[in-house]
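Subject: Structure handover

Hello,

Here is the structure for you to look through. My notes on what turned up follow below it.

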Amino acid sequence: MTGTIPLSRQRNLGIIAHVDAGKTTLTERILFHAGRIHRIGGVDEGTTVTDHRPEEQAKGITITAAAVTCGWDDHALSLIDTPGHVDFTMEVERSLRVLDGAVVLLDAVAGVEPQTETVWRQAERHGVPRIAFVNKLDRAGADLGRAVRALEARLGARPLVLTLPEGEPLDALLDVVRRERVRFDAEGRVASREPCDHPRIDAAREALIEACAEVDEGLLEAWLEGEVDEAALWAALRRGTLEGRWLPVLAGSAYRNVGVPLLLDAVVALLPDPSVAAPLAEGWPRTVEAPLAALCFKVDFDAYGALAFVRVYAGVLRKGDAVDVNGRKLRVGRLVRLFADQREDVEAAPAGSIVALVNAELSTGDTLADPTRPIALEPVTAPEAVMRVAVEPRTRVDRDRLPKALARLRLADPSLRVLADPETGQTLLAGMGQLHLEIAVSRLRTEHGVTVDVGAPRVAYRETVGSRARVDETLRKQTGGPGLFAHVVMEVEPAEPGEGLVFEDRIRGGAIPREYVSGVRKGVEAAASCGALGHPVVDVRVVLLDGSTHPNDSSEHAFALCAEQAFRRALGEAGPVRLEPLVRLEVTVPEAHVGDVIGDLSARRGRIVGMETERDVVRLDAEAPLAALFGYAADLGSLARGRGTHHLELARYAPVPEGVAVRA
């Protein structure tokens, strides 16, 4: 589709939201109105286009981001439906890395929920322009005004309302820009438009024009004179949206088929096309004529093999071409455009396209470039795993298949980690939470034919140091032939939280040659994978101060071994400190049960950091150790008589208090 449509009429967008806000339902309606499907599927029935995996259909949630394409008003839309559960935040992260715009979806009853804040921060970090759709306005307790105020208070956004709900039950919208009442038929198509003078329209339009006058002074003058050009208003709205000045807000109900065509109109009018963003590098525009620059942002596997999802930023990716991939050559084989789990073969993918390469040797974050003009695009960063389980193959066949299956699983989802327990030798699978690991184990069985027994979930601890230590270490081995000699003097000390492992080379006068310093770094990094307490080492600064060499027996390998010994000794002398993951926890409960919930959180070493009451419902913001929250969902259900909900996400790592038992 995108091959014959200019960049100005292409839109690459994602739908991002908290779990259960209605992303997949909205995607299904968009595909229906765009004519790509002729029957609307349902999440509960497991019949939607994008939730096509068995685990998604069984649980009724999106687990992996699915790409679809459709058209609207002579524009080509590439749409990614992202997961809403915090355990699958990696899918949102890599989708936002390659998308040009996003629709932020809100539940009109719940408003801004915890994961809404998370995906909003991700979009902010990637500079993705957004519009909002307040969904489920047909439900009891729905309140557009409350949702808009929450956007302002909790996200720091500047909402500009473009459509308002009308009718009880909801069957129409008030179009603020066109000053019309828009009614919809049973399938959600626009049934009628009629001019409408309404105080709610006047108030919303006044706020709209005052904001737009910031980017187009003529609009305010025209408004005062009573004549505002609709095209000029849309142009000003688009400019402010792309600059991040405000957040256009549309209303509706995807399930009740109200408002989807107006949302699509806003997507086309307000979100950027692929050429709008800044050049990839100086003199490297995002055009078809520029040298090839593309990013592999996801790898997946199905019954036919590997699929490498690629966003083309510049140039044209052609079947049969030889391209540069991080310094190596790759021949582009089969090239397909995806519609969820369906494939459409294409010969070429021009700038702006999102396509997939079949069975290509690519990893998430790889850059594909013209061999004569290589470029390295910013990779996709995976979050740290916070929970792990031991996995044991059930049969000999499973044992033989497990390493390859885990490698594929890790390739498809970089937020998973595969580790070996240093004490038991067991294989550990680490991830973002219990649901994440549960789905990963299920995919081992359903997609890779490997069945495993799973141990109880365990927290993924880290360790750091509490003080400074200086060590002088010498490695000297003779075996009859060339020996091993290395001498290093290093110092370790605590680094700032979040810095990770920091290595500084302060060698002066060539006491250790530069090629051997790289061996020291490698040795430190190897030792840091499992510290004095058996956990990965973080937030430690390592300073290489001095050393010496032997004219025959020194080598990079010798210095790596010596540095590994030195670093391990330094960790022990610097006072190792075990760190545990603390999570930000948001709990919503009826006011009558707040006391019981707070008492329970205190018993779990939780700390209340905020509390808000709305009607008879209280929202508690707390910080608590992840290790104390296993089974919390069931306990909360008992405390709140089934009326409590909770959401958690990693906040930071902190030292484990003295006297607290650790099951690492």
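Arg286 is buried but forms no salt bridge. The nearest side chain of opposite charge is Asp100, 4.9 Å away. Buried means under 20% relative accessible area, exposed means over 50%, and partly exposed is in between (1.4 Å probe, protein chains only). A salt bridge needs a side-chain nitrogen of Lys or Arg within 4 Å of a carboxyl oxygen of Asp or Glu. For charge, Lys and Arg are positive and Asp and Glu negative; His and the chain ends are not counted.

This is a predicted model: local features need pLDDT of at least 70, side-chain atom pairs count only at pLDDT 80 or more, and totals for chains, interfaces and linings use all residues. Residues are numbered from 1 along each chain as its sequence is written, and side-chain values use heavy atoms, without hydrogens and water.

Back to Arg286. Its place is the loop between α9 (260-270) and β12 (293-302). Helices (H or I, at least four residues) and strands (E, at least two) are DSSP runs, numbered from the N terminus. Beyond its neighbours within four places in sequence, Arg286 has contacts that include Leu7, Pro274, Tyr313 and Ala351. Contact means heavy atoms within 4.5 Å.

Salt bridges do occur elsewhere: the structure holds 53.

- Arg541 and Glu504 meet at 3.0 Å, N to O. Arg541 lies in strand β31 (residues 540-548) and Glu504 in strand β30 (residues 501-505), so the pair ties together parts 37 residues apart in sequence. Arg541 is buried at 16% relative accessibility, while Glu504 is partly exposed at 23%.
- Glu580 and Arg605 meet at 2.8 Å, N to O. Glu580 is in strand β32 (residues 576-590) and Arg605 in the loop between α14 (594-603) and β33 (607-614), 25 residues apart. Glu580 is buried at 3%; Arg605 is partly exposed at 32%.
- Arg604 and Asp600 also pair, at 2.8 Å, N to O. Arg604 is buried at 11%, and Asp600 is buried at 18%.

How many disulfides does the structure hold? The count is 0 (a disulfide is a pair of cysteine sulfur atoms within 2.5 Å). Cys70 is buried, at 1% relative accessible area. Cys212 is buried as well, at 0%.

Last, the whole chain. It has 15 helices and 35 strands. Of its 664 residues, 56% count as buried.

Best wishes
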